[in-house]
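Subject: Structure for you to look at

Hello,

Here is the structure I promised. Please open it first, then read my notes below.

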Amino acid sequence: QVRLVESGGGLVQPGGSLRLSCETYGSISSVKTMGWYRQAPGKERELVAVITRGGSTNYADSVKGRFTISRDNSRNMVYLQMNSLTSKDTAVYYCNADIDIQGYVMDYWGQGTLVTVPP
């Protein structure tokens, strides 16, 4: 059974940094595009950043220049380095991955990790 597990969330002061990690488990043929999404209090889930297997990236305008997404294909992991954090970054962050299992690709989600930045 495939699952994604996030880690690294917590409380950080404004202007601080945090690094999130996401590890995949299961009988996986290959992990294609991976990404990070977040859901702030009272808001809908939104895209933060995505990265292809080849390393091409895209970021939400709100995090460009502050966040960096990266991946380790040998370990099927994805990371999110977050710098210059503000209270607007407070949210539950979810890992996402398109995973190929014997030729069948499905979209998987982690359980989320909470990032809190006080005002």
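A residue is called buried when its relative accessible area is under 20%, exposed when that area is over 50%, and partly exposed in between (1.4 Å probe, protein chains only). Keep that rule at hand. This is a predicted model, so local features need pLDDT of at least 70, side-chain atom pairs count only at pLDDT 80 or more, and totals for chains, interfaces and linings use all residues. Residues are numbered from 1 along each chain as its sequence is written, and side-chain values use heavy atoms, with hydrogens and water left out.

Salt bridges

Start with Arg38. Arg38 counts as buried, at 5% relative accessibility. A salt bridge here is a side-chain nitrogen of Lys or Arg within 4 Å of a carboxyl oxygen of Asp or Glu. That rule gives four salt bridges. Arg38 makes one with Glu46, where the closest N and O atoms are 2.9 Å apart. Glu46 is partly exposed, at 35%. Arg38 also pairs with Asp89, at 3.0 Å from N to O. Arg38 sits in strand S4 and Asp89 in the loop between S8 and S9, so this pair ties together parts 51 residues apart in sequence. Strands (E, at least two residues) and helices (H or I, at least four) are DSSP runs, numbered from the N terminus. Asp89 is buried too, at 2% relative accessibility. Arg38, Glu46, Arg66 and Asp89 are linked in a network of salt bridges.

Asp61 and Lys64 form another salt bridge, at 3.2 Å from N to O. Both of these residues are exposed.

The pocket

Which residues line the largest pocket? They are Arg38, Gln39, Ala40, Lys43, Glu44, Glu46, Ser62, Arg66, Thr86, Lys88 and Asp89. On a 1 Å grid over the protein atoms alone, a pocket is an open set of points with protein on both sides within 12 Å along at least five of seven lines, a 1.4 Å probe being used, and lining residues have an atom within 4 Å of a point. The volume is about 180 Å³. A volume is the space filled by probe spheres set on the points, which are joined across faces, edges and corners. The lining has one nonpolar, three polar and seven charged residues. Ala, Val, Leu, Ile, Met, Phe, Trp, Tyr, Cys and Pro count as nonpolar, Asp, Glu, Lys and Arg as charged, and the others, Gly among them, as polar.

The core

A nonpolar core is a set of buried Ala, Val, Leu, Ile, Met, Phe, Trp, Tyr and Cys residues joined through side-chain atoms within 4.5 Å. The largest one has 30 residues, and Trp36, Leu80, Met82 and Tyr93 have the most contacts inside it. Strands S3 (18-25), S4 (30-39), S5 (46-51), S7 (67-72), S8 (77-82) and S9 (91-101) each supply at least two of its residues. S9 gives the most to this core, with five.

The loops

Thr90 lies in the loop between S8 and S9. Thr90 is buried, at 17%. Leaving aside neighbours within four places in sequence, Thr90 is in contact (heavy atoms within 4.5 Å) with Ala40, Pro41, Val115, Thr116 and Val117.

Most residues other than glycine have a negative phi. Asn76 is not a glycine, yet has a positive phi of about 55°. Asn76 is in the loop between S7 and S8. Gln102 also has a positive phi, near 50°. Gln102 is exposed, at 77%.

Best wishes
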